[in-house]
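Okay, everyone, can you all see the screen?

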Amino acid sequence: MNCSRLRAQIRTNVCIRRHYGVNSVSKRVVFVLGGPGSGKSTQCKRLDKSWVHLSAGELLRKEMSSSSPNSQIINQIIKDGGIVPSQITTELLKNEIFSNPKDKFIIDGFPRNAENRDTCIRDLDPLIRMEGLIFLKCSEEVMIQRLRERSKTSGRTDDNMDSIIKRISTFNNETIPVIDWFRAERNNVYEVDGNGSLEQVAINFEKVMQKLE
């Protein structure tokens, strides 16, 4: 980055912080990515409560059930197994982070594609300290088995076989390149085998989190 672009970026970062009343980068964030059914939310919810868990998917589903102008857009995209526009997701995350007095957050399901990543780097990265990205690596067979079991009780519109196949395809085509980008450009990706039992995965997941404390 040349000097003029660097100065412009610094000015932009300062403006963003002022807008949210942030004087310094005190909010620590860990992102968690993995395919559908890899156990992202499950593992995040098991963590010590010193980390605030934010699920991008749950925030979107909450917004979808509201009367907001975005609710119908979100509903159709999620039903089709697609990815909601980055600006919507990023604003929801920022509102949650900066309305909470705590300073440690673990976010699952974001950033999921190149647009998410670019918006995150532009609008969220200047406000936070990204500690790392955890990749829950899981086989398609295990993910499908878990999602079919979950569909019996979840009531989610995207827990049907057509949506499951679309979501796995979207993950492979759009999210894996994002993980590869962070691995190459930031060198902060931590891979956890998500194929084992809940307890086995939890042990390895918590070991990574301890490194990030």
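Start with S86 and N116: their side chains are joined by a polar contact of 2.7 Å. A polar contact here is a pair of N or O atoms within 3.5 Å; within protein, one must be able to donate a hydrogen and the other to accept it, and residues adjacent in sequence count only if both atoms are side-chain atoms. Before I go on, this is a predicted model, where local features need pLDDT of at least 70 and side-chain atom pairs count only at pLDDT 80 or more, while totals for chains, interfaces and linings use all residues. Residues are numbered from 1 along each chain as its sequence is written, and side-chain values use heavy atoms, with hydrogens and water left out.

Back to S86, which lies in helix 5. Helices (H or I, at least four residues) and strands (E, at least two) are DSSP runs, numbered from the N terminus. Is S86 buried or exposed? It counts as buried, at 0% relative accessibility. The cut-offs: buried means under 20% relative accessible area, exposed means over 50%, and partly exposed is in between, using a 1.4 Å probe and protein chains only. And what does S86 touch, not counting residues up to four places away in sequence? The list is N113, E115, N116 and T119, where contact means heavy atoms within 4.5 Å.

For another serine, look at S65, in the loop between helix 3 (56-64) and helix 4 (71-79). S65 is exposed, with a relative accessible area of 63%. Its side chain reaches the backbone oxygen of K62 at 2.8 Å.

Now R117, over in helix 6 (residues 114-124). R117 is buried, at a relative accessible area of 15%. Leaving aside neighbours within four places in sequence, R117 is in contact with P111, V178, W181 and F182.

Okay, charges. Side chains of opposite charge can pair when their charged atoms come close. We call it a salt bridge when a side-chain nitrogen of Lys or Arg is within 4 Å of a carboxyl oxygen of Asp or Glu. How many salt bridges does the structure hold? There are 12. One of them links E91 and K94, with the closest N and O atoms 3.1 Å apart. Both of these residues lie in helix 5 (residues 86-98), three residues apart, so about one turn of the helix. E91 is partly exposed at 27%, whereas K94 counts as buried at 5%.

Then there's E191, which meets K137 in a salt bridge at 3.9 Å, N to O. E191 lies in strand 5 (residues 189-193) and K137 in strand 4 (residues 128-137), so the pair ties together parts that are 54 residues apart in sequence. E191 also meets R183 in a salt bridge, at 3.8 Å, N to O. Through shared partners, salt bridges join K137, D180, R183 and E191 into one network. As for accessibility, E191 is partly exposed at 43%, K137 is partly exposed at 45%, and R183 is partly exposed at 35%.

On to the sheet. Strands of a sheet pair through backbone hydrogen bonds, either parallel or antiparallel. In this model, five strands form an open sheet in the order 2-3-1-4-5, and the pairing is parallel. Strands count as paired if DSSP finds at least two bridges between them. Strand 2 (52-55) and strand 5 stand at the edges with a single partner strand each, so one side of each is left without a neighbour in the sheet. Strand 4 and strand 5 pair over five bridges, and L136 stands opposite V192 in strand 5. Helix 8 (residues 161-185) packs on the sheet, touching strand 1 (27-34), strand 4 and strand 5.

A nonpolar core is a set of buried Ala, Val, Leu, Ile, Met, Phe, Trp, Tyr and Cys residues joined through side-chain atoms within 4.5 Å. Which members of the largest core, with its 30 residues, touch the most other members? Those are F31, I107 and L133. Not counting residues up to four places away in sequence, I107 touches V29, V30, F31, V32, L54, L93 and I97. Apart from that core lies another, of 14 residues, among them V32, W51, L136 and V192.

Technical notes:
Axes fitted to C-alpha atoms, helices over the stretch in contact; angles between N-to-C directions.
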